[in-house]
Every structure is written in C-alpha cells, then in structure tokens.
Amino acid sequence: MAIGVLDSANLNGGQKLAVKYFTAAVALFVAQILFGILAGLQYLMPEFLYNVLDFNVNRMVHINAMIVWMLFGFIGAVYWLIEDEAGIEVVGLKLGNLAFWLFTSAVTVVVVVYLFIQTGPGTDTTRWLINEGREYIEAPRWADIGIVVCMLIFFYNAAATFMKGRWSGISGVLVLDLVALAGLYLAGMFYVTNISVDQYWWWWVIHLWVEATWEVLVGCIMAWGLMKTLGARRKIVTTWLYIEVALMFGSGILGLGHHYFWIGTPEYWFSIGGFFSALEPIPLVAMVVHAVYDSGVHRFKNANHPALAWLIAHAFGNFFGAGVWGFMHTLPQINLYTHGTQWTSSHGHLAFFGAYATINIAVFYLAIQKWRGNVWMAGGLADNGWKWKWSLALLNIGVVGMTMALLIAGYEQSFIERAVGGSTWSGYFAAQTNPWFMQGMWWRQLFGWVTAAGVVLLVWDLVTIGRGETRAAEMPEVEAPEPGGAAATAGA
Ligand code: HEM
Ligand code: HEM
Ligand SMILES: [Fe+2]
C-alpha cells in the first residue's frame, strides 16, 4: 500500500464508516460557521435578509448544525476506535451504515425545511413536521424518532462488538455513557404545555449532555487518544478516566440546578445548583493535569503533531471555556445580573469550541493520517505544516477574540441593564444602544471572520496534509487491555 495516498484499504470496517461520519461532520461545521456569520451580521445590520432568512432561523441553523456535527464526530470517533479496542470487527456494521444514511438524510431534510418553510401555526402539525421549538433540539418530532432509531443502532453496534470481543475500562465507561446519552434525549421529547415544566425537562438534555455525558465521552476519546498519539500506558489513562468520571457525575448531575434559578422551580435549587455547579471545574482541572502530565512524560514525542496539538487545545479549552467561564456566572448572586446576556453567549462559544470542536478536530487528524497509510505528520512536512499551524492559530484566536468581545458586551449589559437599569425595558434599550455593546458586536464579527478563515484553512489542510509524503509514521500500538485484569473486569 502506498504511503501518502488516500486509500480505504488502509482502514478497518469501523473506520470506513467513521470517515463517512467525519466527512458529514466537517460539512456541517462549515454550515455552522456560515450561519453564525449571517446571524452576527444581523446584529450589525438588522435589515439584512429581514423576512428572507431571519435571525431566529440563522441562529437555529447555527447551533443545530453545531450539535449535529459534534454528535457525528463523536459517533465517528467511537466507530474509529472500536475494532482496535474490542479486538474484533464491528458487529452489525451493515446496519450501522444504514443508520448513517438515515441520519444524514434526516438532517438534510430538517435543514431544508428550516430554511424554506421556517414557520408554521402553533399546532401539532408544526411540531411534527417543521419545528419543535426547543432550543438546540428544534428538530421536528418525526426526526426525533428517526434519531432515536439511529442511536439505538449505534448503541447496538458498540455494545454488541465489545460483548463479543473484549471489554476494557474505557469501553465499559463508554457503553454506559451511551445509554445515558441516548436516554437523556428522550427527556427532551415530553410534550407539556406548562413552559416551566417544559424547560425543566429540556435542561436535562442540554445541561446533562454537555456537562455530564459528553464530557465523559470526550474523556474516553482523550484516554484513547493519549495512548494513540503518545503511547501512554493504559493503566494510567484508565485510572484517570475513572477519577474524572466520578468527579464529573458528582458535580455535573446536581449542577443542573444552575439552570433552575429563574424558571419557576423551587428555591432550594439556588443552593443546590450554586454549590454543585461551583464544583464542576474540578474534574476539568484534573483533565488538564492528566493531558499535560502524559505529554511531559513522553517528551512530546509523537508522529501526528496536529492531532496532539488539538488534544492539548481541548484540555485547556475545556478548562477555560467550561470551567472558568462557566464558574464566572454560576452562582445565583451573580447569575441574577448576567443571566441571558452576551456573557452567556461568551461562555457558550468558548465552551463548545474549547471542549468539543477541538477534540473532534484532533480525531479528524488521526483519521486522515491512517487513511493515507499511516503517513508521517510531524516535523518537516512538505509545506512545513503552515496550514495546520495557521488554522490552529486562526481558529483559536478567532474564538477567543469573539469570547472577549461578547464578554465585554455582556458585562456592559449586566451593569447598565440589570444593576443600574433594574431590569426594566428602558434599561434593556439603554444597554443595547450603549457604545460598549455596539462595538462589542463589531469586534465579535471581526473575530468571526478570523474564525471562518481558520475553518477554510482547516478543510484545505485536511484534504491535503500528508499527500505525496513518503515517510511512514511509527504510531504507537495501543496497549491491549489485560485479559481478566482490573481494567477489563471493571467494564464487564
Ligand atoms: C463543555 C461544557 C459546557 C458547555 C458546552 C456549556 C455551554 C453552555 C451554553 C451554550 C449555555 C447557554 C444555554 C442557553 O442557550 O441558555 C450555557 C449556560 C450556562 N452554563 Fe455552561 N457549558 C458548559 C459547562 C459549564 C460549567 C462547567 C458551568 C459551571 C461551572 C457552566 C455554567 C453555566 C451557567 C450558569 C449557564 C446559564 C447562563 C445564564 O443564566 O444565562 N457551564 N452553557
Ligand atoms: C464565524 C464565527 C461565529 C459567529 C459570527 C457566531 C455568531 C453567533 C451569533 C450571532 C449567535 C446568536 C447569539 C444570540 O442569540 O445573541 C451565536 C450563538 C451561538 N454560537 Fe456562534 N458564532 C460563530 C462561531 C461559533 C463557534 C465556532 C461555536 C462553537 C463551536 C459557536 C457556538 C455558538 C453557541 C453555543 C451559541 C448559542 C449561545 C447561547 O445560547 O448563548 N459559534 N453565534
Ligand atoms: Fe449547565
């Protein structure tokens, strides 16, 4: 097999399916950015595309594309590592392929309906066919059911493969996590007319996904990624994983209460939500220490520099975006002023990018490397690696720049609208027209373009990196789980 040439013969069955998921994920990532740019422009020019493609539609497509591309990336990542981890071929791969096409067509139809139909009367027909009206998971009911079916097939592939092959600590955590992840999605499907009750359950999906189940999922991917990029010892990554999972669930589950401050839920949520969510940064610190420790121990020796760089970006991005930016507004005394301002958006951008975009990109780089026959992807690349380095820089500078601009705007809103204006209408308008706010929106847009440039470069790099390279990479063999050892039985 030629090195440096894209050839599916380099991939095992699970990996062939994984690269389909990755390709769709990258396409949706581009769509996310496109619609983010449009929504941002509408802050600056409210007439722009008014009544053609309104802000609410652009915003919805922006964040739905984000959730779906990240989910595609995660599913792909599981298919990517499953055969190595289980030691056998994926069980029911044909069904898995079918689920991919079902899922992808459903997403396409949903987006086309979002764009061309956009609205409907407040009836069940709208809920079933157009839009369910729950932020981030607006997909209409028919698609919800389709997604659940696809997730069940995915779950079957994963569980059955490990059951037939072998378990490890990582796969045990992974499979249990997938049960929780799919189960939570169901919580967002109850239909109730009381808006407080509706929000109560809706947060189960949103918060418990990103602050519990997705975090555990990326913990598993990180554990595997560190073995793959650095040859880290399985015992070490598995031990860390257990500690992180315990801390994550310990703080994240009741941390849910930080969304129950102002939606009409009982007052005890102030204390519960404030206390437990304040603990949430702890596991994120553990994850940074873990990643940096492992890279240090292995003296950064590795043959896939972009993947390792993005794994490290994940460790820091997760800590700052989720941990620090989340902590800033999680106490009710502070959230009273910051709730629903651009401060929230500042945190939302840094957290989703820092925690989840980064690690997906790392896996894309691992995939392209193997797809090209385990090509060398470290020092002395044909183009000196300028593309991956610049896209890493532009993406991170872009998102951090947006985060800062939004934070300043949010700070101004908290101050002028809430503290001085007493949360009145006039306070609201005073905040929206304040120069600090308006300039913040311009800076956000400027850094949005920087981010977009980073994405363009990333796509270009992913299709070209390693092309024509003749050196092979000696990627570390992932250590097999000890048969019947602690790590193996813990997952069984
Ligand atoms: C990777 C993990 C995380 C992601 C992706 C994330 C993302 C988000 C997003 C998108 C929102 C806005 C939701 C909306 O539309 O209303 C939000 C809200 C919030 N997040 Fe996070 N978050 C994460 C972790 C955390 C952590 C660890 C904390 C606390 C330490 C935290 C505290 C909060 C709070 C208090 C709000 C409510 C803001 C408000 O009142 O407007 N988040 N988060
Ligand atoms: C081209 C760059 C981008 C621009 C111009 C942009 C713009 C926007 C705008 C205008 C909104 C609506 C905010 C509002 O309702 O007030 C938004 C929301 C959001 N964007 Fe972006 N975005 C960009 C990139 C990203 C990236 C890279 C991510 C994460 C990976 C992201 C995640 C989010 C999230 C989570 C929300 C919802 C925040 C909330 O509910 O508070 N965006 N974005
Ligand atoms: Fe939360």
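A crossing of two helices is left-handed if the near helix is turned anticlockwise from the far one by less than a right angle. The legends below describe close-up views of a predicted model.

**View 1. Helix 7 crosses helix 11.** Two packed helices are described by the angle between their axes and the distance between the axes. Here the axes of helix 7 and helix 11 come within 11 Å. They cross at roughly 145°. The crossing of helix 7 past helix 11 is left-handed. Helix 7 makes the contact with Met 222, Gly 225 and Thr 229. Helix 11 answers with Ala 307, Leu 308 and Leu 311. Sorted by class, this contact has four nonpolar residues and two polar ones. No charged residue takes part in the contact of helix 7 with helix 11.

**View 2. The shell around ligand 1.** Ligand 1 is surrounded by 23 residues. The closest are Ala 322, Gly 326, Gly 348, Ala 351 and Ala 355. Helix 7 (195-230), helix 11 (305-328) and helix 13 (342-371) are the elements that each give two or more residues to this shell. Helix 13 gives the largest share, six residues. By class, the shell has 13 polar, seven nonpolar and three charged residues. Domain 2 (181-301) and domain 3 (304-476) each supply at least three residues to the shell around ligand 1.

**View 3. Where domain 1 touches domain 2.** The domain assignment of the chain gives domain 1 (14-166), domain 2 (181-301) and domain 3 (304-476). The C-alpha centres of domain 1 and domain 2 are 21 Å apart. Ten residues of domain 1 are in contact with ten residues of domain 2. On the domain 1 side, helix 2 (55-86) and helix 5 (141-164) each supply at least two residues. Helix 5 gives the most, with four residues. Eight residues on this side of domain 1 are nonpolar, and two are charged. None is polar.

**View 4. Ile 263 in its loop.** Ile 263 sits in the loop between helix 8 (234-255) and helix 9 (268-279). Which residues does Ile 263 touch, not counting those up to four places away in sequence? They are Ser 196, Gln 199 and Tyr 200. Ile 263 and Tyr 200 are 63 residues apart along the chain. Yet their C-alpha atoms are separated by 7.9 Å. Ile 263 has 15, so it counts as partly exposed.

**View 5. Gln 118 and its positive phi.** Most residues other than glycine have a negative phi. Gln 118 is not a glycine, although its phi is positive, at about 65°. Gln 118 lies in the loop between helix 3 (93-116) and helix 4 (124-129). Gln 118 is partly exposed, because 15 other C-beta atoms lie within 10 Å.

**View 6. Asn 384, with a positive phi.** Asn 384 is a residue other than glycine, and its phi is positive, near 60°. Where is Asn 384 found? Asn 384 is in the loop between helix 13 and helix 14 (386-420). Asn 384 has 9 other C-beta atoms within 10 Å, so it counts as exposed.

Key:
Residues numbered from 1 in each chain as written. Chains lettered and ligands numbered in written order. Predicted model: local features only at pLDDT ≥ 70, side-chain atom pairs only at ≥ 80, totals over all residues. Domains from an automatic or database assignment. Contact = placed C-beta atoms within 7 Å. Nonpolar A, V, L, I, M, F, W, Y, C, P; charged D, E, K, R; others polar. Near = placed C-beta within 6 Å. Axes fitted to C-alpha atoms, helices over the stretch in contact; angles between N-to-C directions. Buried ≥ 20, exposed ≤ 12 C-beta atoms within 10 Å, placed from the backbone.
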